[in-house]
Amino acid sequence: MQEKTAMLPQSNWKKMLVHIKTAGEDGSINHVQLGDDYQCWEDIGVFSISAPGELTEAGKAIFESLYIRCDGEYMNILRQLLLAFPPTVAVQQYLWGVAKITIAQVLTVLKTTGFWFYDSSEPLTHFLDLLNYTGIVSYQKKVRQLKILVSPDTPAVPKNVFIDPSRPFSNIIWVKRILGECEGSIYWLDKHFQKEALEWLWAVADANKIKEIRILSLDLHDKNLSADAKKEYRRFKCEMNNKGIHVIWATIDSREIRDVHDRWIIGENEYLRNVPNVNAISSGQRSEMNYSENYDEASSAFAGYWPKAVEV
């Protein structure tokens, strides 16, 4: 279970407009009165996390568009915020291209991805109304069906990427996109790293962006890497060196890395993702590849483990 999950709207957009107008005119609102609805609009990006009750820059832009310029630009801003909202991303990734999507299917997606814990159906209705209003989905209330209008295939990788067995092709596309967002270096910590992930690295190995690749996995002793895996690694390393990218796959004794549970992909550009292991991604086991803001801690830990590892 997630420690903090995005909340769905507890009221409709028109009711929220009153609070946006007040915050814009007075500088802030009494956010406590909004309860869970405030967290929802905080997660969406309209209200501030660091300054409760105040509008974010995007929130201020929505206010100005609605009540000062009256130019309709607020719709584009709101749409972009919602496209980055984790529940929206989940619905897009699971249901894009599916014909005649039912409300029950959307509810199942939200439950599967940890965004549903309500007794009432109202949050789902308000959420779908909002997506319909901004043109992200087409929602037909009478027949209780919808269509996803915006593809999840966006230039920037969403903060939350969901792995699912029904999408074996896109699961691999997403991990390649994540690797492609790294710059300077790619450090990959996966205790059970497998050779098929070398192909994913090869797909993004641009020497104009990446100078070094380090892979850190467990030393399994008698169950260590197969001869075939070692052969693939040597071939990969040779090709990357010819391109100007230094590659090392090293293993570490489990006693030296007992304090690590997660798997990480780390870019030198202060980029960090928590990812499942390679096998979970390739087999489509339900999991997530999430952006993390704990880059300093993870990169420092990786740097501490690396001298204790030995190349395969």
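Reader: In what order do the 8 strands of the open sheet run?

Author: This is a predicted model, where local features need pLDDT of at least 70, side-chain atom pairs count only at pLDDT 80 or more, and totals for chains, interfaces and linings use all residues. Residues are numbered from 1 along each chain as its sequence is written, and side-chain values use heavy atoms, with hydrogens and water left out. Strands (E, at least two residues) and helices (H or I, at least four) are DSSP runs, numbered from the N terminus. The pairing is mixed, and the order is β4-β10-β9-β8-β5-β6-β7-β11.

Reader: Why is one side of β4 and of β11 left without a neighbour in the sheet?

Author: Two strands pair if DSSP finds at least two bridges between them. β4 (160–163) and β11 (310–311) stand at the edges, so each has a single partner strand.

Reader: Which residue of β11 stands opposite Ala 250?

Author: Strand β7 (residues 246–252) pairs with β11 in the antiparallel sense, over 2 bridges. Opposite Ala 250 stands Glu 311.

Reader: At what angle do α1 and α3 pack?

Author: Axes are lines fitted to C-alpha atoms, for helices over the stretch in contact (heavy atoms within 4.5 Å). Angles run from 0 to 180 degrees between N-to-C directions. The axes of α1 and α3 lie 10 Å apart, and the angle is about 100°.

Reader: Which residues of α3 are buried?

Author: Buried means under 20% relative accessible area, with a 1.4 Å probe and protein chains only. What covers them includes α1 (13–26) and α4 (74–83). In α3 (residues 57–69) they are Gly 59, Ile 62, Phe 63, Ser 65 and Leu 66.

How values were computed: Buried < 20%, exposed > 50% of the residue type's maximum accessible area, 1.4 Å probe, protein only.
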